[in-house]
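Dear colleague,

Please find below the structure that I am handing over to you. My findings follow it.

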Amino acid sequence: RAMSGDLAVVAKDKEASSKGTMQTQITTDPPRGTRDFPPEDMRMRTWLFDKFREVSRLFAFEEVDFPMVESEDLYTRKAGEEIVGQLYNFEDKGGRKVALRPELTPSLARLVLQKGRAQSFPLKWFAIGQCWRYERMTRGRRREHYQWNMDIIGVPGVEAEAELLSAIVTFFTKLNITSDDVGIKVSNRKVLQAVLEKYDIQPDSFAAVCVIVDKLDKLPREEIESELDKAGVPSVAIEGILQALTLQSFDDLEALIGAESGAVAELKQLFALAEGYGIQDWLRFDASVVRGLAYYTGTVFEAFDKEKKLRAICGGGRYDRLLSTYGGQDTPACGFGFGDAVIVELLKEKKLLRAFPHEVDDVVMALDDSLKIPAAGIASRLRSTGRVVELVIEKGKKMKWDVLCDGFVELWSVVWLDPSFPVFYSAAFSITSQTIVI
Ligand SMILES: Nc1ccc(Br)nc1
């Protein structure tokens, strides 16, 4: 029982109560905005992450990982992003300004730069990692989630985005989610760039404008107009920008920015590749997709539930300048982030979430102390064949009735290790189903 200066970990204790020295119990809840994963939740999370890995492996991506804590410098972008405004940052005991990572892409960019040009491009890396934000709990939202990221570094063409979109569709399909349930809106930030150029708006306000208009579906239009005005966008341009974001057809897009625009060419090529993958039913052009991260430079996309009950399921895009903002050379890159929370809400909505029971192949139990040693031997022999064995080690004949009852339901045979019954050790190994060895 651990005791420390300011924290006594003491459950209800007869001795303590007799002395009247009962301690107050610590709170058993995890820190605000965070989750525990008790076994049944952990089994579901493991199942989900296994699906993330299964798809990443199918697409020949290599797994990478990074520290949870990064230098704050990695995230101090000046475009007014929510993710930066909610940094879970602090000064460590060495006076370093650090932050719990709010996303994985900057860490990936840092690692790519660290490895330098020595590595052969393209890199196809994936990661699954916990990401953090410090949000005032007034909104009661979570402060951590796990994100699956897939990134392709070194491919300038939209072939990279097509691969990533195909990976996302492959994942949804593995979970029995269809294009009737989920759609993926695809656009390109070069659409907005072309509009801003029409109004002679300086490129250095481009990122800030993107971050502002990304909030269109979250804030009233007047607030967006006011923020654009504060960002130095002339009122005549504001109308043009908001109008451009309503486009949903290539014809209208060409009419606005011209058929020879880079955005049109890239989008048309991406949708043509999608036909090749057979994922065209999942995609739709929608100029309102901007995404809220400052560093996107081209294609942007996000998956949404067609019943519009949930927040974006995943999202991503091209970020060709990020490495150069960290002092590296301009390196073409694109990727997506896929959180572990909204997808579970969607699966529950669609009743696509199965149970995740604790499963064992065998339960071995000695009903008499004199049989404990042979029981341990049987458990080891069964385990050496790869069977999952619960060896009952608790005292007496108390059983894990939930396991035993399941066993009886599926039980095909019982071998009794008990002085009152003959002992057939070898029989224990001929049994191919769930075995209760008692
Ligand atoms: N970036 C971020 C981090 C943590 C959560 Br919860 N949501 C978004």
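Which residues form a negative surface patch? The patch is made up of Asp 29, Asp 36, Glu 40 and Asp 41. Patches consist of residues with over 30% relative accessible area and no salt bridge, like charges being joined within 9 Å and nonpolar side chains (Val, Leu, Ile, Met, Phe, Trp, Tyr) within 5 Å. Asp and Glu count as negative, Lys and Arg as positive, while His and the chain ends are not counted. The place of a charge is NZ of Lys, CZ of Arg, CG of Asp or CD of Glu.

Two remarks on the basis of the work are needed. This is a predicted model, in which local features need pLDDT of at least 70 and side-chain atom pairs count only at pLDDT 80 or more, whereas totals for chains, interfaces and linings use all residues. Residues are numbered from 1 along each chain as its sequence is written, and side-chain values use heavy atoms, with hydrogens and water left out.

Helices (H or I, at least four residues) and strands (E, at least two) are DSSP runs numbered from the N terminus. With a relative accessible area of 33%, Asp 41 is partly exposed; buried means under 20%, exposed over 50%, and partly exposed in between (1.4 Å probe, protein chains only).

Turning to the strands, an open sheet of 8 strands has the order β3-β7-β8-β13-β12-β11-β9-β10, with mixed pairing. Its edge strands, β3 (62-63) and β10 (283-285), each pair on one side only. Two strands pair if DSSP finds at least two bridges between them. Strands β9 (residues 182-188) and β11 (residues 299-305) run antiparallel and are joined by 7 bridges; Ser 187 stands opposite Val 300 in β11.

Elsewhere, β4 (residues 69-71) and β6 (residues 97-100) are antiparallel and share 3 bridges, with Ser 71 opposite Val 98 of β6. Strand β5 (residues 88-91) also pairs with β6 in the antiparallel sense, over 4 bridges, and Tyr 88 has Leu 100 in β6 as its bridge partner. A hairpin is formed by β5 and β6 with 5 residues between them, and Gly 95 in the turn has a positive phi of about 80°.

The loop between β11 and β12 (314-318) contains Leu 310, which is buried at a relative accessible area of 19%. Leu 310 and Glu 349 are 39 residues apart in sequence and 9.8 Å apart in space, C-alpha to C-alpha.

Salt bridges were counted where a side-chain nitrogen of Lys or Arg lies within 4 Å of a carboxyl oxygen of Asp or Glu; the count comes to 30. Glu 307, partly exposed at 44%, forms a salt bridge with Lys 309, the closest N and O atoms being 3.3 Å apart. Glu 307 forms another with Lys 350, where the closest N and O atoms are 2.7 Å apart. Glu 307 lies in the loop between β11 and β12 and Lys 350 in the loop between α13 (342-349) and β14 (362-364), so the pair ties together parts 43 residues apart in sequence.

Arg 311 and Glu 345 form a salt bridge with closest N and O atoms 3.6 Å apart. This pair links the loop between β11 and β12 to helix α13 across 34 residues. Both are partly exposed, Arg 311 at 42% and Glu 345 at 31%. Finally, salt bridges with shared partners join Asp 181, Glu 307, Lys 309, Glu 349 and Lys 350 into one network.

Yours sincerely

Note on methods:
Areas by Shrake-Rupley, 256 points an atom, 1.4 Å probe, with all protein chains shown as cover.
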